[in-house]
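Hi,

Here is the structure I promised to pass on.

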Amino acid sequence: MSPGKVSVLLLGATGYIGGGVLARLLVNAKPLFDITVLLRDAVKADKLKPFGVKPVLGNLDDTEKIRDLASRADIVFECADADHIESTKAVLAGLKDRHKATGKVPTLIHTSGTGVLTDDAAGMHDTDVVYDDRDVEQPAKIPRTQPHREIDLAVLAADEEGYVKTYLVLPSTIYGLATGPLVDAGIMNPQSQQIPALITASIDRGRAGMVGEGKNIWPNVHINDVVHLYEVLWNHVLACKDIGHGKEGYYFAENGEHKLYDVARRIGAVLKDFGLADTEEPSMFSQEELDKYFAGSDSLGSNSRCRAERSRAVGWKAKNKTEDMLASIKPEIQYMLSRVG
């Protein structure tokens with residue numbers, strides 16, 4: 001990339017992943033970047049200004065604004081919503097505008113997720129289907145009807161067209177309480193989604209719960225390791241290193257696997273220790289509970305298996321493993337209980 005400051009647009013700066021990416025940008029690369037973020041909250045926008053970030057008020061439905069912001073960016077980080085097709089189309093349109101105006105090929109680092117790999121096991125069985133991010137043929141066969149897939153295909157098509165280089169980051173089950181100045185300032189969400197959702201439901205029902213028999217398998221990854229993968233990618237972009245992009249630009253984030261049962265049982269053990277459950281043994285969510293806690297979805301009982309070999313090949317080094325994920329459940333529950341009342 002040419003000398004001088006690099007113009008960055010980040011969507012999702014107040015979220016769990018996007019906030020982590022922004023925090024790492026500020027710590028390690030702030031002198032290199034002019035950073036613009038789009039966010040809805042005016043109070044948080046004001047809090048971001050002392051960090052040297054340019055906040056722009058708006059949301060993902062403000063597609064003309066997003067297109068304009070993207071047209072001024074060398075690198076766009078999409079970390080807000082892996083299923084909001086219109087905002088992604090606006091980002092791509094803006095990057096195409098930039099390419100036409102400058103002749104340069106900008107970069108999009110888009111957040112998808114290993115939810116795109118899921119099946120309909122409903123917790124009743126595991127699978128031996130394992131995706132490898134070095135294998136170009138495997139993802140090409142993923143149906144358009146899978147979660148995140150329509151957006152992923154639009155991103156891949158843009159790269160194929162040649163006006164942007166795209167990199168798809170696919171985190172798995174992310175865990176760990178985020179920390180740092182953006183959390184301390186009340187700007188960034190410190191929690192993930194899957195495990196906290198299980199915890200919330202389990203506390204409310206007075207017993208750890210799982211989808212089906214919890215036999216399904218998912219990969220896992222710590223939030224700090226996820227953020228490190230983004231950092232590895234942007235460092236390659238800045239150094240103009242030719243790593244895989246487009247169809248060869250899938251980057252999984254995983255460093256271990258777990259069965260849903262094992263997560264639920266650890267939640268049960270902690271709840272029992274805290275006097276919030278009579279047994280550590282989880283039980284199956286009823287359909288009524290799935291409706292109540294998960295909008296009727298049994299997706300937490302799906303299988304999603306992958307290996308982050310391409311990510312590792314370009315220099316990603318995850319530190320935390322499955323035992324760290326299980327150990328993170330107690331402080332997660334303690335944090336959530338501290339927020340009640």
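**The sheet and what packs on it**

Seven strands form an open sheet in the order S3-S2-S1-S4-S5-S7-S11, with parallel pairing (strands are DSSP E runs of at least two residues, helices H or I runs of at least four, both numbered from the N terminus; two strands pair if DSSP finds at least two bridges between them). Strand S3 (54–57) and strand S11 (250–253) are the edges, each pairing on one side only.

Before going on: this is a predicted model, where local features need pLDDT of at least 70 and side-chain atom pairs 80 or more, while totals for chains, interfaces and linings use all residues. Residues are numbered from 1 along each chain as its sequence is written, and side-chain values use heavy atoms, without hydrogens and water.

Strand S1 (residues 6–11) and strand S4 (residues 75–78) run parallel, joined by four bridges; Val8 has Ile75 in S4 as its bridge partner. Helix H1 (residues 16–28) packs on the sheet, touching S1, S4 and others (contact means heavy atoms within 4.5 Å). H1 makes about 160° with S2, and helix H6 (residues 149–161) lies across S5, S7 and S11 at about 155° to S7 (axes are lines fitted to C-alpha atoms, for helices over the stretch in contact; angles run from 0 to 180 degrees between N-to-C directions).

**The cavity**

There is one cavity of 30 Å³ or more (on a 1 Å grid over the protein atoms alone, points where a 1.4 Å probe fits but cannot get out; lining residues have an atom within 4 Å of a point). H8 gives three residues to its lining, the largest share.

Cheers

Definitions and conventions:
On a 1 Å grid over the protein atoms alone, a cavity is a set of points where a 1.4 Å probe fits but cannot get out, and a pocket is an open set with protein on both sides within 12 Å along at least five of seven lines; lining residues have an atom within 4 Å of a point. Grid points are joined across faces, edges and corners, and a volume is the space filled by probe spheres set on the points.
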